[in-house]
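User: I would like to go through this structure in short questions. Please keep each answer brief.

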Amino acid sequence: MILEQIILACICTPLIGGILIAATGRSPNLRETVTLITAAVEFTLVASLFPVVMAGEYPTVTVLEMLPGLGITFTLEPLGMVFAGIASFLWIVTSIYSIGYMRGHSEQNQTRFYICFAIAISSAVGIAFAGNMMTLFVFYEVLTLSTFPLVTHAGTEEAKRAGRVYLGILIGTSIGLQLVAIVWTWTLTGTLDFKPGGILAGKADGPMVAVLLAMYVFGIGKAALMPFHRWLPAAMVAPTPVSALLHAVAVVKAGVFTVLKVAVYIFGIDFMHELGSGIWLQYMAAGTILIASLVAMTKDNLKARLAYSTISQLSYVILGGVMASGIGAVGGAMHIAMHAFGKITLFFCAGAILVASHKTEVSQMRGLGRKMPITFGCFLIGSLSIIGLPPFGGVWSKWYLALAAAETDQLIFVAVLMISSLLNVAYLIPIVVRGFFSPPDKSNAHSPHEGEGEHEVKHASPGRGDATAPNVWRVRGFEEAPITCVGALAFTAAGCFVLFFAADAIYAFLLPLAGGGAP
Amino acid sequence: MIAHHLPILQIIVPLMAAPICVALRHPRATWLWALIISWLCLAMSVALLQQVLATGPISYELGDWAAPWGIEYRIDTLNAFVMVIVTAIGATVLPFAKASVEAEIPEDRIYLFYTMLLLCLTGLLGITITGDAFNLFVFLEISSLSSYVLISMGSDRQALVAAYRYLILGTVGATFYIIGVGLMYMMTGTLNIADLSTLMPAVADTRTIQAALAFLTVGLCVKLALFPLHMWLPNAYAYAPSVVTVFLAATATKVAVYALIRVVFTIFGGVALLDVIQVRDLLMGLAIIAMFTGSAVAIYQLNIKRMLAYSSIAQIGYMILGLSFDTVTGVTAGIVHLFNHALTKGSLFMAMGCVMFVIGSVRLEDMSGLGKRMPITMAAFVAGGLSLIGVPLSAGFISKWYLILAALEQGWWPIAMLVVLSSLLAVIYVWRVVEVVYFRLPPDGVEITEAPLSMIIPMLVLVGATYYFGIDATTTLDVAGRAAEALLGGLK
């Protein structure tokens with residue numbers, strides 16, 4: 001009984017927090033305190049559920065019946081727990097970071113920002129705990145809508161255009177394809193519950209299943225599988241904390257999480273293996289991995305580069321999901337966690353660089369590492385984890401994905417993973433190298449006009465680019481971003497390191513996903 | 001005793017109350033009177049629905065003249081449900097009306113306004129409750145004539161043209177309907193709907209009956225504004241006083257849809273005729289065209305009331321599409337959408353009423369930055385717009401879900417795709433407004449100036465209902481499902 005209340009509390013806490021944030025909007029300090037407390041409470045609640053799932057119990061709670069026979073239901077299971085745990089944990093870190101960033105950057109409408117953020121987290125946890133596809137879809141759409149004001153936060157013409165792309169693709173794919181796929185599943189099986197082993201086995205066969213799978217995978221636009229990836233670079237117009245938590249963790253991970261859920265609990269790994277209907281999707285995912293990496297190399301804007309890197313990394317998870325192998329699903333699920341820590345670190349660094357030096361383009365960052373050693377050091381750690389080098393977490397998920405590819409005799413995907421790692425090296429490491437080893441570019445150092453980055457327009461405020469501005473933390477001759485920013489990014493970078501050693505525990509926790517498909 | 005006579009009281013009360021408005025004359029007094037009557041009507045229709053759900057269909061014979069000779073009021077789940085929709089909208093619109101009407105209509109005509117509103121309510125309830133095809137025509141005319149007057153009261157001079165156009169087309173529609181009824185009477189000698197449905201199979205093969213069906217369908221499709229017979233609707237909605245738009249958009253077309261359901265599923269329910277001359281395929285085709293053209297034209301409108309009017313044409317397409325599936329799920333979808341759309345469109349037009357009240361215009365270019373000036377109203381507009389799109393948790397989602405379900409059940413997946421594609425057009429026309437309202441700077445300051453609470457609260461009630469029935473749709477689906485089963489099951 002108490003368990004059910006905790007599950008519901010996990011969904012409601014951020015919402016209540018949002019109301020309190022609205023109520024305390026007049027006093028920024030109080031408002032930020034509310035945000036932090038809410039985030040801490042949320043994480044405590046989610047964390048308290050881990051032992052239950054670890055013990056093999058999957059409690060279910062039904063809130064209400066929405067349509068006859070179809071309710072808003074929450075069920076705990078390992079995959080959802082991992083996603084909820086990451087989202088709620090990183091919310092705390094991001095909140096700390098946001099405080100430094102939003103103030104340092106003197107953004108407008110901060111109350112609205114924190115409210116929408118809280119709603120987004122609530123829906124992310126709702127997605128993580130969803131017990132059936134209907135519930136998941138509901139929270140999926142709430143997540144899209146609640147992040148729209150965050151993406152268009154700046155309110156500029158560019159933000160408006162980005163908002164159109166964002167909403168157009170996410171709503172378009174989810175209503176146009178995903179909803180139809182869900183109703184179709186419902187007519188085929190009469191249920192939408194997530195069941196181990198899937199619900200479609202025996203109810204559908206032939207090419208129809210491939211069509212249905214495609215409708216799901218493309219309909220989940222948040223997974224950013226090409227060609228429905230454009231919204232993610234567009235969303236980079238948002239303030240950096242949004243890009244960091246939502247567009248590297250919560251929103252995009254909600255997408256790939258949904259893909260995994262559908263693969264594991266709607267189709268079932270064995271069923272997909274039997275039909276082999278996922279094969280061409282594997283190639284789509286592999287293609288996205290490589291193409292997005294190549295595009296990332298051409299981007300000079302740091303956030304755009306990271307966005308394409310995210311697109312590429314997301315397809316690792318999709319690949320894991322559609323490989324029809326238990327170990328692949330586990331590897332994909334692990335990658336949700338590993339990539340989250342790595343990528344959020346990189347985004348935090350990008351934001352810190354923006355706040356401290358107003359630089360958005362990679363080409364402007366010559367020698368910047370000498371001024372901001374902590375930030376660039378952490379950027380290196382995040383990059384190494386994304387590339388998949390020990391001793392950082394990213395290595396493990398790539399390992400298991402490669403193992404799955406080898407196990408299903410698809411060595412081509414092993415090759416894809418390796419090439420992708422090399423590409424990651426090619427587009428991430430030069431940033432660090434340039435930061436530390438190139439001499440500072442004199443002409444750029446104090447010119448306030450360079451960089452047509454998205455944040456430039458509205459920040460033509462006094463003190464911008466001025467060394468005495470309050471958005472710079474000066475210590476021992478370094479010019480780092482405010483301490484909350486630097487603290488947060490150092491923390492997540494340390495997380496990448498910790499995950500390297502925690503991988504075994506996560507693997508054991510996720511193993512039930514593999515089901516009958518385990519080696 | 002009263003419970004027994006409820007069916008007739010449902011009509012008599014608003015009918016008799018209308019002339020009293022003329023006697024009262026004082027603007028405030030007539031408003032209060034109309035308000036009380038509308039709430040009384042709601043109470044009665046709720047009581048009737050409960051009675052029907054508990055004990056089955058009610059038959060009430062006027063003046064104790066037995067049907068089929070006398071006029072029969074026959075209430076089953078479907079029309080009890082539609083009456084609740086109509087009276088509930090009436091009961092929400094009247095509190096809203098006070099401030100809005102005072103702002104938009106000259107004081108010396110306000111009593112006339114409420115007289116006509118009550119007459120219109122009478123007519124709509126009459127169409128719904130009656131079990132007699134000719135009596136239906138009488139009420140159709142009462143509601144139509146009063147709505148012509150109501151529309152012509154709009155402050156813009158174009159309202160007169162719009163009302164005149166509606167008058168011409170509405171009269172054509174009603175005339176077609178009565179011709180159809182006449183032809184049926186020729187062949188069967190009865191006007192009672194239940195009686196007609198039993199006698200129909202025997203004479204169904206005659207050309208007269210086929211002509212009757214054609215006249216009835218076309219006549220009612222004019223009234224419910226099915227593409228391409230919708231030409232009267234956009235201007236009528238755009239230029240009518242705000243209150244009238246809310247009321248008509250949420251009730252009048254819905255009642256006409258109800259009348260069509262009666263003709264197609266009750267009078268002609270037992271005949272295979274519909275398959276022979278393919279009325280259903282025709283309706284389905286037109287419905288799909290309506291879904292797309294309505295939404296597509298809505299995208300280009302600069303007057304937001306007009307935009308919502310075109311959106312209504314599209315939404316009527318969804319209702320007719322659901323009906324044309326001719327399955328329990330499909331008809332359920334149509335009926336549920338009738339209800340859900342009444343709530344959604346009601347709240348959207350109310351938001352426009354508030355905008356009209358505050359800034360005196362509903363043109364897109366005048367609405368820049370309104371999200372800052374009228375935060376509540378605009379939030380309500382966005383909420384209503386999301387329901388038009390069919391976002392989950394809103395009532396519109398339930399309708400879409402059922403429509404897609406009905407299409408997939410039949411294996412008609414292209415139709416399912418068309419439903420979702422057309423609803424994506426709604427994203428475009430809703431978001432056009434959102435962008436102007438939230439992303440542009442307000443021209444004259446950001447001071448918050450909302451409409452009075454008497455307008456805000458009814459609007460929020462409807463928005464709340466839109467989401468309530470989107471989150472817990474079991475009640476509406478249960479009622480609609482029962483109505484659909486009764487329509488299809490009883491006669492097959």
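User: Where in chain A is A:Ala224 placed?
Analyst: This is a predicted model. In chain A, helix α7 covers 207-219 and helix α8 covers 231-234. A:Ala224 sits in the loop between α7 and α8.

User: Is A:Ala224 buried or exposed?
Analyst: The cut-off for a buried residue is 20 or more other C-beta atoms within 10 Å. A:Ala224 has 30 C-beta neighbours inside 10 Å, so it counts as buried.

User: Which residues does A:Ala224 touch, leaving out those up to four places away in sequence?
Analyst: Contact here means C-beta atoms within 7 Å. With residues up to four places away set aside, the partners of A:Ala224 are A:His229, A:Leu232, A:Val252, A:Gly255, A:Ile311 and A:Leu314.

User: What distance separates the C-alpha atoms of A:Ala224 and A:Ala55?
Analyst: Along the chain, A:Ala224 and A:Ala55 are 169 residues apart. Their C-alpha atoms are separated by 34 Å.

User: Are α4(A) and α9(A) roughly parallel or roughly antiparallel?
Analyst: Helix α4 of chain A spans residues 110-129, and helix α9 of chain A spans residues 240-267. Their axes come within 10 Å and cross at roughly 25°. Angles under 35 degrees count as roughly parallel. α4(A) and α9(A) are therefore roughly parallel.

User: How many nonpolar, polar and charged residues does the contact of α4(A) with α9(A) have?
Analyst: The crossing of α4(A) past α9(A) is left-handed. From α4(A) come A:Ala120, A:Ile121, A:Ala124, A:Ile127 and A:Ala128, meeting A:Leu246, A:Ala250, A:Ala254, A:Phe257 and A:Thr258 of α9(A). By class, this contact has nine nonpolar, one polar and no charged residues.

User: Which element gives the most to the side of chain A that touches chain B?
Analyst: In the contact between the chains, 22 residues of chain A face 25 residues of chain B. On the chain A side, β1 (60-67), α5 (133-151) and α6 (157-189) give two or more residues. By class, that side has 15 nonpolar, four polar and three charged residues. The most, 12 residues, comes from α6(A).

User: What separates the centres of domain 1 and domain 2 of chain B?
Analyst: Domain 1 of chain B is 1-275, and domain 2 is 278-492. Taken over C-alpha atoms, their centres are separated by 22 Å.

User: Which element gives the largest share of the side of domain 1 of chain B that touches domain 2 of chain B?
Analyst: Between these domains, 41 residues of domain 1 are in contact with 46 residues of domain 2. The elements giving two or more residues on the domain 1 side are α3 (77-104), α8 (207-224), α9 (233-239) and α10 (242-267) of chain B. The largest share, 13 residues, comes from α10(B).

Key: Residues are numbered from 1 along each chain as its sequence is written. Chains are lettered from A and ligands numbered from 1 in the order in which they are written. This is a predicted model: local features need pLDDT of at least 70, side-chain atom pairs count only at pLDDT 80 or more; totals for chains, interfaces and linings use all residues. Helices (H or I, at least four residues) and strands (E, at least two) are DSSP runs, numbered from the N terminus. A residue is buried if 20 or more other C-beta atoms lie within 10 Å of its own, exposed if 12 or fewer, and partly exposed in between; C-beta atoms are placed from the backbone. Two residues are in contact if their C-beta atoms, placed from the backbone, lie within 7 Å. Axes are lines fitted to C-alpha atoms, for helices over the stretch in contact, and angles run from 0 to 180 degrees between N-to-C directions. Angles under 35 degrees count as roughly parallel, over 145 as roughly antiparallel, 65 to 115 as roughly perpendicular and the rest as oblique. A crossing is left-handed if the near helix is turned anticlockwise from the far one by less than a right angle, and right-handed if clockwise. Ala, Val, Leu, Ile, Met, Phe, Trp, Tyr, Cys and Pro count as nonpolar, Asp, Glu, Lys and Arg as charged, and the others, Gly among them, as polar. Domain bounds come from an automatic or database domain assignment.
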